[in-house]
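Here is a short report on one chain.

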Amino acid sequence: MRYAPLILFTTLFVGIAGCAPLTSSDLSSFNPYITKDGQQSFRFVANNKLPSYYKDADIQQIHEAWISNEMGRRQYCTNGYNIESQTNSGEFIVYEGTCK
């Protein structure tokens, strides 16, 4: 019976997590890195299709907002950034950028 609290907690956590709405991190991937020449860069990969609750939204504007949110949350590219390329690979859109 000493495992009962752990089982109860796990059950509650899984139940609550299953009801949580999707966030940008569920729909995308943000990978910061530093190039060989010392340039702070990033790669952001996002689904090419937005969930239905983004009805009539501009996909590029939504993705750019997600990129900005990731930058702020991680305190990365604190002086700003440039998106250098955007590649549509069918199911995903890949954004590559550098910090200013």
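What percentage of the 100 residues of the chain count as buried? The answer is 26%. The model is a predicted one.

**Fold.** The chain has three helices and four strands. Their order along the sequence is α-α-β-β-α-β-β. Among contacts with a separation of 6 or more, 45% link residues 24 or more positions apart. The exposed surface comes to about 7200 Å². Carbon and sulfur atoms supply 56% of that area.

**Core.** The largest nonpolar core holds 15 residues. Phe42, Phe44, Trp66, Met71 and Tyr76 have the most contacts inside it. Two or more residues come from each of β2 (40–47), α3 (59–74) and β4. The largest share is that of α3, with four residues. In soluble globular proteins, nonpolar side chains tend to be buried together.

**Polar site.** Glu96 sits in strand β4, which spans residues 92–99. Its side chain makes polar contacts with the side chains of Tyr33 and Arg43.

| Side-chain pair | Polar contact |
|---|---|
| Glu96 and Tyr33 | 3.3 Å |
| Glu96 and Arg43 | 2.8 Å |

Glu96 also touches Phe42, Asn82, Ile83, Glu84 and Ser85.

Conventions
Residues numbered from 1 in each chain as written. Predicted model: local features only at pLDDT ≥ 70, side-chain atom pairs only at ≥ 80, totals over all residues. Heavy atoms only, no water. Polar contact = N/O pair within 3.5 Å; in protein donor to acceptor, adjacent residues only side chain to side chain. Contact = heavy atoms within 4.5 Å. Core = buried A, V, L, I, M, F, W, Y, C linked by side-chain atoms within 4.5 Å. Buried < 20%, exposed > 50% of the residue type's maximum accessible area, 1.4 Å probe, protein only. Areas by Shrake-Rupley, 256 points an atom, 1.4 Å probe, with all protein chains shown as cover. Lists of a residue's contacts leave out its neighbours within four places in sequence.
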